[in-house]
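Please look through the sequence and the model below before reading on.

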Amino acid sequence: MSTKLMRVLVLMCSTRPGALGPVVAQWLTETVTSRAAALGVELVPVALGDLHLPFLDEEEHPSSGVYQHEHTRRWSAIVDAADGFIVVTPEYNYGMPATLKNALDYLGREWAWKPIGFVSYGNTSAGTRSVQHAKQVVTTLRLVPVGATVAIRIGDAVESGQLLPDATRDAAGVGLLDEVVRVAHALRPLRERGRAGARSGPLPGSYVRRLTPDDAPEVTVLQRCCWVDEAVVNDTLAIPALHESVEEVRDWLETWDTTGIWLDGRLLGMVRARRVDTDWHVGRLAVVPDLRGHGLGRWLLRTAETGADPECRRVLLSTGAKSVRNIDLYHSEGYQSEPLARPDATTSLTKDISVGQR
């Protein structure tokens, strides 16, 4: 289960004046709000009509991710930040409205590996043919339709432009949100692999990307499990990584260039680096205990070194003075221990940056 707040967009599709869509979207949002809070979900209502998307007017194919127009870039950012979708849609002539089809067609990568659920409304079929039409399209975009749906027959459910109270429908709305959230959590590893800037990692199936402040919960957990051994070996609990709060981790993730290795949504290892004067400082090199000895630490260390600023003359790092295993790794990578012990029971190691390494 992710430690991050889940974001679910409620997409209201109809743009026809006087349409029932806003009423249905409001019912859904009000009905599931308390459940969303309990699940750690942020509900974001979005009316497609408010986006002012013209019929697809981008020259490049959506799969390129190259967008010329501001309305496309704005729509891309909204969808990219979402973890799942609930679509509130009418049925127009056995199909979904053109606004929904057009909004889907604008983008590519941003939709992939996210769940999508449907609340439909209509007369004869309660909008279900619209949903069937939409499912043919969304699966092509690697969206994953959930099985739970809500279908509202206007003649039975609407009076004077308002939805009649219906406990069964309310329960179905909550059930729909529950399923969207469950599937969103399950699909998270696939979404992560598709994030901009992610690349293949050193283990089969793993991927690497820069860590951001949003990753602070996972980084905090990694630190707590990795620095226990350091505390035991060095006979001290005065190790910042063991005590930092999520907020403190979030703060330093803002200022350090931090690389993380992920596999199936699990953070396996990390290293951080930044320039201080003419030194390239490397730290917080960590690998989960069950994968130590597989070369991940060495890979992370070398990755941090290759990111050194061109003006830097040496790499500087530190570890516990009694952390023999760490020190041996650093020596094997060309680091030299500084002769003077530090007052905090750690030792510093340095490595000159040669022209060939730049």
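This is a predicted model: local features need pLDDT of at least 70, side-chain atom pairs count only at pLDDT 80 or more; totals for chains, interfaces and linings use all residues.

Residues are numbered from 1 along each chain as its sequence is written, and side-chain values use heavy atoms, with hydrogens and water left out.

The mean pLDDT (the predictor's confidence in each residue, from 0 to 100) is 93 for the protein, and 96% of its residues reach 70 or more. Helices (H or I, at least four residues) and strands (E, at least two) are DSSP runs numbered from the N terminus, and the two ends of the confidence range among them are set out here.

| Confidence in the protein | Element | Mean pLDDT |
|---|---|---|
| Lowest | strand S8 (residues 199-200) | 90 |
| Highest | strand S3 (residues 84-90) | 98 |

The protein has 12 helices and 15 strands. Its radius of gyration is 26 Å, well over the 21 Å that the globule rule gives for 358 residues, so the protein is more spread out than a compact globule; the radius is taken over C-alpha atoms, and the rule is 2.2 Å times the number of residues to the power 0.38. Along the principal axes, the C-alpha atoms fill a box of roughly 85 × 45 × 30 Å. Buried residues (under 20% relative accessible area, with exposed over 50% and partly exposed in between, for a 1.4 Å probe and protein chains only) make up 49% of the 358 residues.

The largest pocket holds about 1,200 Å³ of space. A pocket is an open set of points on a 1 Å grid over the protein atoms alone, where a 1.4 Å probe fits, with protein on both sides within 12 Å along at least five of seven lines, and lining residues have an atom within 4 Å of a point; the volume is the space filled by probe spheres set on the points. Its lining has 45 residues, of which Trp 227, Glu 230, Ser 318, Thr 319 and Asn 326 lie nearest the centre. Strand S12 gives the largest share of this lining, seven residues.

Val 144 lies in strand S5 (residues 144-153) and is partly exposed, with a relative accessible area of 25%. Leaving aside residues up to four places away in sequence, Val 144 touches Lys 114, Pro 115, Ile 116, Val 183 and Leu 187, where contact means heavy atoms within 4.5 Å.
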